[in-house]
Amino acid sequence: MIRQKRKINKMRGSRSNGGGCTKKRRGAGNKGGKGKAGMDKQHWTWTVIHDPDHYGKHGFKRPQKMIKKVNAVNVSYLEEHADALLEAGKATKEGDSIVIDVTELGYDKVLAKGAITKAFIIKSPKFSASAIEQIEEFGGEAIEL
């Protein structure tokens, strides 16, 4: 196996192992600070070799107001809470199907996780393709606002 660092036999057995006065290597007093202290001063050569990207700006961060956070709801959640939504007046019944406006509940996208067994007419700004399939499979309707 190739040695990572050179084998030092020269100073073995001597009192200071080539560190000058024996007091010099004792304790933490000769480290030059804790952690990243002195990276631009006494540890600059270490910084240049091991952490060249430490200083300066790197990359780009999009402004948070430009990032639209999607608040999504699953079809199974609407199925489970349909009765409670009818009682609360946040959903209505048209014939056999239940009409739910998702924006009134604070959501802006409908996803297809879970399964439904009833006909729903769901109004939402966005739908996933599989959610539309699942809603229409039981005779429901997906209306994009």
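**Exercise 1.** Decide whether Ile49 is buried or exposed.

Solution. Ile49 has 62% relative accessibility, so Ile49 counts as exposed. Buried means under 20% relative accessible area, exposed over 50%, and partly exposed in between, with a 1.4 Å probe and protein chains only. Helices are DSSP runs of H or I with at least four residues, strands are runs of E with at least two, and both are numbered from the N terminus.

A word on the source: this is a predicted model, where local features need pLDDT of at least 70, side-chain atom pairs count only at pLDDT 80 or more, and totals for chains, interfaces and linings use all residues. Residues are numbered from 1 along each chain as its sequence is written, and side-chain values use heavy atoms, leaving out hydrogens and water.

**Exercise 2.** Find which residues of helix H4 are buried, and where they lie.

Solution. H4 covers residues 129-137, and its buried residues are Ala131, Gln134 and Ile135. Seen down the axis of H4, they fall within an arc of 100° (taken from the directions from the helix axis to the C-beta atoms), so they line one face. Now turn to the other side of H4: Ala129, Glu133 and Glu137 are exposed there.

**Exercise 3.** Say what the buried residues of H4 pack against.

Solution. Their partners are helix H2 (75-80) and strands S4 (109-111), S5 (120-124) and S6 (141-144). Take Val75, which is in H2. Leaving out residues up to four places away in sequence, Val75 touches residues including Ala131 and Gln134; contact means heavy atoms within 4.5 Å. At 1% relative accessibility, Val75 counts as buried.
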